[in-house]
Amino acid sequence: MRPTQALNGGGAPNWKVGHWIGNWGQFGGAKQKGIIDYGIAANRQNPMSGAFNDAIFNTFRRTKGQIFYWVPPMVAAYYLMEWATERNHYLQSKHGRAEFGDEE
């Protein structure tokens, strides 16, 4: 007496017992006939159609959403650099050396 496919484990194909149709979701039945599928090859498509237009509006949208995250630090860094440059020029001038020259 031969074991049935259910008693044989059920997961692996056993061609001696019968036709194995596969695990759940992976049924290996016969191919269907009469189904026509049309498509176009990837090298025949136009992959850059609308890319320039989308890039302009997408860049604007993303910049508008992020502007308050990077503008305030940039403004603060600009004013800090201006202050540091002016302070350095003053300390290297005749009046700055006279005022702070003995502190080093």
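Mentor: Start with the nonpolar surface patch of about 480 Å² made by Ile67, Phe68, Trp70 and Met74. Patch residues have over 30% relative accessible area and no salt bridge, and nonpolar side chains (Val, Leu, Ile, Met, Phe, Trp, Tyr) are joined within 5 Å. A salt bridge would be a side-chain nitrogen of Lys or Arg within 4 Å of a carboxyl oxygen of Asp or Glu. Areas come from the Shrake-Rupley method with a 1.4 Å probe.

This is a predicted model: local features need pLDDT of at least 70, side-chain atom pairs count only at pLDDT 80 or more, and totals for chains, interfaces and linings use all residues. Residues are numbered from 1 along each chain as its sequence is written, and side-chain values use heavy atoms, without hydrogens and water.

Take Ile67. It lies in helix α1, residues 51-91. Helices are DSSP runs of H or I with at least four residues, strands are runs of E with at least two, and numbering starts from the N terminus. Ile67 has 31% relative accessibility, so it counts as partly exposed. Buried means under 20%, exposed over 50%, and partly exposed in between.

Now the whole chain. It has two helices and zero strands. Buried residues make up 4% of its 104 residues. The chain exposes about 10400 Å², and carbon and sulfur atoms supply 60% of that.

How values were computed: Buried < 20%, exposed > 50% of the residue type's maximum accessible area, 1.4 Å probe, protein only. Patch = residues over 30% accessible without salt bridge, like charges linked within 9 Å, V, L, I, M, F, W, Y side chains within 5 Å.
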